[in-house]
Amino acid sequence: MGELRAKWKVNMYAWLLLLPSLIFLLLFTFYPVIQTFILSFHQADLGSPEPFFNGIDNYKQMVEDEVFWKVLTNNIWFAIGTVPTSVALALGMALFANKALRGKSFIRTAYFYPTVVPMIAVANIWLFIYTPEYGALSHVMEWFGKGDMNWLGDQKNVMWAMIFMVIWKEAGYFMIFYLAGLQNISQELYESASMEGASSWTVFRRITFPLLMPTTMFVSIIAFTNSFKLVDHLVIMTKGGPDNASNLLLYYIYETAFSFWDQGMASALTIVMVVLLLLVAAFQFFGMDKKIHYN
Amino acid sequence: MAEVELRRISKMYGGQKVVNEVSARILPGEFFVLVGPSGCGKSTTLRMIAGLEEISTGELLIGGKPMNQVPPSGRNISMVFQNYALYPHLTVKDNILFGLQVRKVDKAEQGKRLERVAEMLGIAHLLQRKPKELSGGQRQRVALGRAIVSQHPICLMDEPLSNLDAKLRGHMRTEIRRLQQELGITMIYVTHDQVEAMTMADRMMVLRDGEVQQVGKPLDVYNHPANLFVAEFTGAPPMNTVPAIWRAGDQAGIEVAGQHFLPLPMFHGSKDQTPVVLGLRPESLQPALEGQSVDASCQFPVTVQGVEILGSETIVEFTVGDKLWKAKWNGQWHCKRGETMHVHFDPAQVNVFDGETGKNLAVTTN
Amino acid sequence: MRKVVKSLFAVVMGISLITGCSSGNSSSTNNAAQGANSSGRTELSFYYPVAVGGPLTKIVDGMAEEFNKENPDITVKPVYTGSYQDTTTKVQAAVQGKTPPDVAVMLSTELHTMMDMDAILPLDDFIAKDGGSEYVNDFFPGFLANSQVDGKTYSIPFQRSTIVLYYNKDAFKEVGLDPEKPPTSWDELVSYAAKLKKDGRYGVEIPSSSFTYWMFQALALQNGKNLMSEDGKKVFLDTPENVEALQFWVDLSKKHQVMPEGVNEWATVPSDFLEGKTAMMFHTTGNLTNVKKSAKFDFGVAFLPAKKNYGSPTGGGNFYMFKGTDEKKQAAAWKFIRFMTEPKRAAQWSVDTGYVATRKSAYEEETMKQYVKDFPAAAVARDQLEYGHAELSTHNNGKVTKLLNDTLQSVITGQSEPAEALKKAQEEADKMLAPFNK
């Protein structure tokens, strides 16, 4: 009896401690997600003053919507373009910044600074860089006789331009995680390896990289979700154009909700995005986690 | 081949000299211990031998060849680190074989060596585990295994036992010594623990503030400490010391704090009134029992301050001058605090140090 | 047990603190929206966006303060709500939360959307009570066109603009063109542009991002008629005239090569003009003040060149009033709108911001006369208003506009052909508008 009460007390205490964050989670995460889920089965746009249930019509329409497939494909390419490169670059930068003896803090700051600049400002800077004729990039391209390349105004170039900019923006941020990860690797391990005469490549491949796997995994998830979350630059730079060539899923959701005022469709799109992100996170956590060493 | 020679080796960090002109010649198959309090430069010296630190000035020879510019892997050395430096993501097997894999040693050869080492250290059943699944002692063995499997003739160890509990430490001391002798490797071993140095070393080097204090066999160092520092560093409890004044003349002897006068006629050489430090090891002070015929000059009365009875021996505390002294007696002595006793000593075991330089003046004994 | 009670207390305190904060916030916003308070004073919330550079918030706030001084029984609280898009979103949220603002400035093209949301009030009763149609008829018809549906007026023009042709007079002189004779027809535009083009300088630029449909509308108007019906239930995208207009646009870069290929960024076109990278540009009058300040060369402003006739759509923001507010506040809000659009204030607003003054009588004001005399370009926009038409505004406006933008960009970037693309767009738009044609 007494034991039961003691157990109840401990449980009660735990729930009380969890309560505040739980309330916020329910209020600002679960409740909206459920509402969105419900709304995604309703027709709720300008043509229907009162939302009404329409089954999976929104999803059917979505499958037929060319723009949806376009933004989804774009987003996948955007993720493929940004995630591995920015993560690899971050790792490289961290290794370099960690090794550099002179100007260590300068190098770190230089690498990190794009992260501190707000995305809106970054977009404005790069808008100038990408300007044809007299933009910074055009001056460089002039040496190759390609000064009039229209980076943002051409369907073939615009995605590359975006990917490049986002890599530049994000790599410094991920570098910080790698720097922290590197600090956690005992110096003794490297010394031990050097006693054995291991080359720097062997040391990286057999020691540094495996021991950084937890960081890599964490950073990859962030990078991947970011590739779906980062759309601020589209507002400034292209509005998703030309002809949706740079449009991404989240921006399309925004357009659908706040420009087309089609809340039912926007909800359906949101559910697709949430499921997509959950799947990837689940794959990364449950699939890859087993292969990773944690200290 | 496996001889290591240090010729006036120094290490500078910025303007600071942390190791100052250390010289030593370590013979093949010798167990050589670098000992001293933390910050004395012993680890830095070891790391310079390993090649992990650059040698600022001086020369390092291994097997007669200069090694200053040779990378660590070219020095024919294996090393055991304080925290073992086991790769946490690799199994015990891969940890042990890492070096051989890097050196591209033949697979069959790798297997043979691994088997032998595992058997020697009794870790055969652990080979598939990761380091975090091992106890402290098991990790220690894996680290040893990694050093042994390389078959380098020289092995360096940097405080390898400091993470183990006292009992295990005692056990591993014996084991490391046994392995070293069985394999006939040259061992250079760093520790801050004088017990380890005393029990394991063929020869030991006592360091302080980057300076060599004394090099010698453990018992020589113990019995004839070169200076006050070495005297107070070695032994447990360490040597008792007290500032005193040397009196020359007919009645030559030492006056301690104006209270005691110990006639020491066989010491010569110092001037009258020279400040000195008197040193006596705890086991050199024995109780003077009534009815024993002892030279009265080698005997003085003390008031007991405290008693620790350890079973096989008893440590009695009392003050001499303003210093607390300890005496170690065999057996169990039920003395009381405040009781007055007489203790005597063998004049041959008296150490006298220069009051200013701390150097042992006993060299002038006849 | 006491421990548990104690911690429970702590948790509850924590939560009440949090909720306390939020309820505090909401009550303050309620106050602002609720208006009439105990002292009999009427409080109005006024949402407004800023879409051009300069200290516009200060000017608006100053005007509101002036109004408050003149009307001690009314207090207008101006709330800066970001861009046009943000303002619409905020108004929409407020309407759904049953706390609409009393008055707001939004894009004139939001008309049908706002009507579909059943959010806005028709203003005819206020107009009738307040001296009748004389007030409304003083506004330029091109501006008013976006305010009226089925004979009812739903919004009052405020910060309005239109598209004009900017040209570099120095460049004209340089190639032997008369700087006082800008191109008046499409053919002239092409031939002038060809003359003006040289290495590092294009002849003309028409922006093709953000407001692509607006620029296309200008070309369509010059070649015939507007893109939509007045009630916003139909669009006419695939007419032969429109195909011709779009072909002309594409030809400027593809065939005549007097304009850069690909999408020309809305924001960089004026920079190109100021940098001398293009000798002429189509752009909003909203940029007049900026170009005047920054141009290091002599420049002129002209009507957009004609094909069949001159033509340019209007653009910009109007005052709206919302359903669900009490009558006293509606009356006060109307008073405020009247105040803000008084001829002398419209004139001053135009001088301060570069927007086109919305009323004919504003041009009779001394400040305006002086401004036009010093800066004749300011009058060009007004004179062109004779050929001004409603900006593209339909039901389901967001979707239709995006569809048209995407279609135009796909043609401009060479991904599809004008006739085919516009035909497809027409079909899609018909689908989008179908629910409103029942």
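Reply: Helices are DSSP runs (H or I, at least four residues) and strands likewise (E, at least two), numbered from the N terminus. Residues 203-224 of chain A are 95% helix and 0% strand, with end C-alpha atoms 28 Å apart. This is a predicted model, in which local features need pLDDT of at least 70 and side-chain atom pairs count only at pLDDT 80 or more, while totals for chains, interfaces and linings use all residues. Residues are numbered from 1 along each chain as its sequence is written, chains are lettered from A in the order in which they are written, and side-chain values use heavy atoms, without hydrogens and water.

Me: Where does UniProt place the feature "transmembrane region" in chain A?

Reply: Such annotations may be inferred rather than shown by experiment. The unreviewed UniProt entry lists several spans, including 158-182 and 203-224 of chain A. Residues 158-182 of chain A are 100% helix, and their end C-alpha atoms lie 35 Å apart.

Me: How many residues does the contact take from chain C and from chain A?

Reply: Contact means heavy atoms within 4.5 Å. Chain C gives 39 residues and chain A gives 35. Buried area is the accessible area (1.4 Å probe) lost when two parts are put together, summed over both; here it is about 3,200 Å², with 61% from carbon and sulfur atoms.

Me: Which side chains meet in a salt bridge?

Reply: A salt bridge places a side-chain nitrogen of Lys or Arg within 4 Å of a carboxyl oxygen of Asp or Glu. Chain C and chain A share 3 salt bridges; one of them joins Asp262(A) and Lys399(C) at 3.1 Å, N to O. On chain C, helix 18 (397-412) is among the helices that each supply at least two residues of the side touching chain A.
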